[in-house]
Amino acid sequence: MKRAYLMEMNVLRGYATSLLATGLLVTVLVGVGMKTAIVAPAVLTSMCFMMGAIGSSVYDDQNGWGSYRLTLPVSKRDVVLSRYAAIATLGLIGSAVGFAVSLAVMGLASAVELPGGLSEFLAFSGERVAGMAFATAVCVLIGSAVASVVTPVYFKLGQTKATQFLPTVTVGLFVVTPMLLGNSGILEGGAFGLVTDFLTFVETPAGLAASMAALLAASLLMLAASAVVSLGLYGRREL
């Protein structure tokens with residue numbers, strides 16, 4: 001497992017660097033547009049989870065790497081588990097970089113007066129840090145959900161075949177389904193009240209801690225279930 005993980009991270013080194021650079025650019029644009037620094041960890045976390053799952057699978061079909069890797073002293077089980085470990089690592093790196101950038105910007109805005117009155121929107125505060133932490137936990141859940149769906153498909157079909165219909169599956173699950181639920185009226189009434197009560201609960205220190213723990217636990221459960229599915233699919237796949 002360790003050997004396969006190190007190989008995975010070594011293959012993804014250049015990709016991860018470019019992904020972080022792109023994520024930082026997107027974060028700056030979003031942050032400037034929204035006049036806030038709290039979006040950095042959330043944007044980078046979701047990007048690293050989603051693009052990590054897609055990008056890591058791309059290398060399998062390049063130059064026969066996926067087949068050659070199995071001639072090395074690693075098993076299919078090692079390959080699958082190391083892939084999920086690498087995806088989680090990229091997500092955590094994105095989160096750490098995002099938090100570092102956000103806290104640095106908040107510290108700068110608190111220390112000096114930024115032009116255009118930006119210090120008022122970017123200065124350090126407990127509420128902004130709490131909001132940043134909760135938004136990041138939500139994006140961990142979203143990124144894990146996407147990674148949990150696409151990774152087994154890549155292991156089953158390979159990158160070439162999977163990319164032919166994965167966009168349709170992704171849009172159906174994460175765009176069309178919420179729209180249908182919203183238009184059906186299921187989320188109105190009592191459900192809306194539950195959401196309001198939940199957000200009120202999150203505003204308390206205990207609620208924030210509990211909700212973040214639940215979001216992270218749900219993310220781990222989804223990735224674990226997805227890994228089990230991938231083990232079965234990849235184990236039966238002929239390379």
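## Phe155 and the main nonpolar core

In this predicted model, Phe155 touches Val79, Val80, Arg83, Tyr84, Ser230, Tyr234 and Arg237, residues up to four places away in sequence not being counted. Phe155 and Tyr84 are the residues with the most contacts inside the largest nonpolar core, which has 19 residues. At least two residues of this core are supplied by each of helix H1 (2-11), helix H3 (39-58), helix H5 (76-111), helix H7 (126-184) and H9. H7 gives the largest share, 6 residues.

Another core, of 11 residues, lies apart from the largest one. Among its members are Leu12, Ala16, Leu20 and Val43.

## Helix H3

Helix H3 is mostly covered, with 16 of its 20 residues buried. A kink of about 30° is centred on Gly52 in H3. The end C-alpha atoms of H3 are 28 Å apart, and this agrees with the 28 Å that its 20 residues should span at 1.5 Å a residue.

## Thr27 in helix H2

Thr27 is found in helix H2, which covers residues 13-34. Its relative accessibility is 6%, so Thr27 counts as buried, the cut-off being under 20%. With neighbours within four places in sequence left aside, Thr27 is in contact with Val39, Ala40, Val43 and Leu44. Of these contacts of Thr27, Val43 is also one of the residues of the 11-residue core.

## Thr204 between helices H8 and H9

Thr204 lies in the loop between helix H8 (190-202) and helix H9 (205-236).

The side chain of Thr204 reaches the backbone nitrogen of Gly207 at 3.0 Å. Thr204 and Ala130 are 74 residues apart along the chain, and their C-alpha atoms are separated by 9.9 Å.

## Cysteines

The structure holds 0 disulfides. Cys48 has a relative accessibility of 2% and therefore counts as buried. Cys139 also counts as buried, because its relative accessibility is 16%, and the cut-off is under 20%.

Methods:
Residues numbered from 1 in each chain as written. Predicted model: local features only at pLDDT ≥ 70, side-chain atom pairs only at ≥ 80, totals over all residues. Heavy atoms only, no water. Disulfide = S-S within 2.5 Å. Buried < 20%, exposed > 50% of the residue type's maximum accessible area, 1.4 Å probe, protein only. Helix = DSSP H or I, 4+ residues; strand = E, 2+ residues; numbered from the N terminus. Polar contact = N/O pair within 3.5 Å; in protein donor to acceptor, adjacent residues only side chain to side chain. Core = buried A, V, L, I, M, F, W, Y, C linked by side-chain atoms within 4.5 Å. Contact = heavy atoms within 4.5 Å. Expected span 1.5 Å × (residues − 1). Bend = angle between axes of the 7 residues up to and from the residue.
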